[in-house]
Amino acid sequence: MTKVLRPIMFVGTGSDVGKSIIVTGMCRIFKKLGYTPAPFKAQNMSLNSYATKDGLEIGRAQAVQAEAAGINCTTEMNPVLLKPSGANKSQVILHGKPIGDQTARSYFLGNNKQHLFTEVQKAFKTLKSKYNPIILEGAGSISELNLKHRDIVNMRMAQVANADVYLIADIDRGGVFASVYGSITLLDNEERKLIKGIIINKFRGDISLFEEGKKMLESLTNVPVLGIVPYAKDIYIEDEDSLGLEKKQTSAKKNAINIAVILLPYISNFTDFNRLEKEDRVHLFYTRNPEDIKLADIIIIPGSKNTIADMQFLRSSKLAKEILIAHEKQKFIVGICGGFQMLGASISDPNHVENEIHEIPGLGIIPAKTILASEKTTEQCNFQFKEYSETCIGYEIHMGITTFKQPQNPLNFINNKPEGYFEKNCWGTYIHGIFDNSLVIDNLLSHFNVSSNPNNLDYTAYKEENYDKLANHLEEHIDIEVILNNMKVTITE
């Protein structure tokens, strides 16, 4: 016999209230309880994406949630992904493959949402047939009245899934009473019936001081407050999107090996540097100030969703000039994905994949040119780094083919095929997650007089430990028993 649980959904009073983190923790909680949970977010907007095992693309947040659930990520977990690629324009990814670019107006106000909603429902049905329970995540606010009738991710999806819905509010930003009461009041009667509880997130201070506030909220909304979750600084979960960049270091540090990551306007997959941030031998910060480049020992040009536009930004901001000066001074330059393309002599876009510009000069640091292609490469990969025999792991997500004007000096080998480029003080690669491998970091830092010993952080084990810490934190502060009882456990043969 199998216990089948109703789906549950976590929605928000707004963006960045902690929906993704709580879904991640819930995935780990249900895994610990012996179930086979899976995350689901019908539509995500993010420049942090990930490649599935079958070579398709989903939002990075759902890949993290799947990891917490102990399963491989699939496109069914995030059937629609929007990747901002220009002013009010996004690339639309459906079932892991790009189907074209759309303006925000045409996407949110156009007629295609019914087709997408049909596809979203198919993905949910497939996922539900394999996992138990499904833990859904909403997007932004549940009460955007002007967009509500075209919604495919919040209450409309909750109704299709017949999910118990829990509303999350961020008390740290203030206005929690208005945001909770307003969000629930603006729902229609059928939607309101789905709301089974309220979770107050990011609480700072003495929780007992909010006891009266809890009673007031329950009286106002006629919905129980099932949890008041304290702000936890000691739990590390990867940031979902660019809002996480606001919490990053933004300046150099004295008496340290400083790594400057260029904060490109269309930066993507900044999760590439999360492992480096945990490295006590260096200080990593994000910047778009040319003066900061002078203070850096290592400069990283990250991935980009619009490589040509970001290459133009490097020049107009004078960052390109400082990067070239730094290279001449033998400082270390690293390019990842779009950053790798920018290191070359030129980037051309004959099919106008990104914009109307046909070709633009690159930095000219490495002897290569890139042609942007219509077909996207998305795949997980095992690779050998330089001359090392150990197997490293990473993934590729790019729309471009890079060729070399002279024999390539490869940085990596994927299935014995050369990938990337390196010289004495420059690396370039298409592999995301390359710095999640400790030997790559150790090799990079071998060029410096490092006083402290390697910290030998097992990043996979570190993430697993933090998923458990997050689950324990939520179990302590959210009434999981009530949530389970609401899910109406049924028995099937």
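This is a predicted model: local features need pLDDT of at least 70, side-chain atom pairs count only at pLDDT 80 or more; totals for chains, interfaces and linings use all residues.
**Exercise 1. Find out which parts of the chain the salt bridge between glutamate 57 and lysine 376 ties together.**

Solution. 
- Start with the side chains: those of glutamate 57 and lysine 376 meet in a salt bridge, at 2.8 Å from N to O.
- Glutamate 57 sits in strand β6 (residues 57-59), while lysine 376 is in the loop between β22 (368-371) and β23, so the pair ties together parts that are 319 residues apart in sequence.
- Now check the cover. Buried means under 20% relative accessible area. Glutamate 57 has 0%, so it counts as buried. Lysine 376 has 15%, so it counts as buried too.
- For context, the structure holds 20 salt bridges.

**Exercise 2. Work out where glutamate 119 and lysine 122 lie, then say whether glutamate 119 is buried or exposed.**

Solution. 
- Look at helix α4 (residues 113-128): both residues lie there, three residues apart, which is about one turn of the helix.
- Glutamate 119 counts as buried, because its relative accessibility is 13%.
- Lysine 122 has a relative accessible area of 49%, so it is partly exposed.

**Exercise 3. Describe the salt bridge between arginine 204 and aspartate 172.**

Solution. 
- The closest N and O atoms of arginine 204 and aspartate 172 are 2.9 Å apart.
- Arginine 204 is in the loop between β12 (195-203) and α8, and aspartate 172 is in the loop between β11 (164-170) and α6, so this pair ties together parts 32 residues apart in sequence.
- Both ends get a label from their accessibility: arginine 204, at 45%, counts as partly exposed, and aspartate 172, at 39%, counts as partly exposed.
- Elsewhere, salt bridges with shared partners join Arg275, Glu279, Arg281 and Asp442 into one network.

**Exercise 4. Locate the nonpolar patch on the surface and name the helices that supply at least two residues each.**

Solution. 
- Pick out Phe177, Tyr181, Met216 and Leu220: they form the patch, with about 360 Å² of accessible area together.
- α6 (176-185) and α8 (211-221) each supply at least two of the patch residues.
- Zoom in on leucine 220, which has its place in helix α8. Its relative accessible area is 48%, so leucine 220 is partly exposed.

**Exercise 5. Explain why strand β16 is largely enclosed by the rest of the structure.**

Solution. 
- Go through β16 (residues 282-287): six of its six residues are buried, so the strand is largely enclosed by the rest of the structure.
- Sort the side chains by direction. Val282, Leu284 and Tyr286 point one way, and His283, Phe285 and Thr287 point the other way.
- Then look for a partner: strand β14 (residues 257-262) pairs with β16 in the parallel sense over six bridges. In this pairing, isoleucine 257 stands opposite valine 282.

**Exercise 6. Decide which strands pair with β29, and in which sense.**

Solution. 
- Take β19 (residues 332-336) to begin with. This strand and β29 pair in the parallel sense over four bridges, and isoleucine 333 stands opposite cysteine 426.
- Move on to β28 (residues 421-423), which pairs with β29 in the antiparallel sense over three bridges. Here tyrosine 421 has glycine 428 as its bridge partner.
- β28 and β29 form a hairpin, with two residues between them.
- Finally, check β29 (residues 426-429) itself: Cys426 and Gly428 point one way, Trp427 and Thr429 the other, and all are buried.

**Exercise 7. Say where histidine 473 is found and whether it is buried or exposed.**

Solution. 
- Histidine 473 is in helix α15 (residues 459-477).
- With a relative accessible area of 14%, histidine 473 is buried.
- Leaving aside neighbours within four places in sequence, histidine 473 is in contact with Val229, Pro230, Ala232 and Ile235.

Methods. Residues are numbered from 1 along each chain as its sequence is written. Side-chain values use heavy atoms; hydrogens and water are left out. Buried means under 20% relative accessible area, exposed over 50%, partly exposed in between (1.4 Å probe, protein chains only). Contact means heavy atoms within 4.5 Å. Patches are made of residues with over 30% relative accessible area and no salt bridge: like charges are joined within 9 Å, nonpolar side chains (Val, Leu, Ile, Met, Phe, Trp, Tyr) within 5 Å. Accessible areas come from the Shrake-Rupley method with a 1.4 Å probe; for residues, only the protein chains shown count as cover. A salt bridge is a side-chain nitrogen of Lys or Arg within 4 Å of a carboxyl oxygen of Asp or Glu. Two strands pair if DSSP finds at least two bridges between them.
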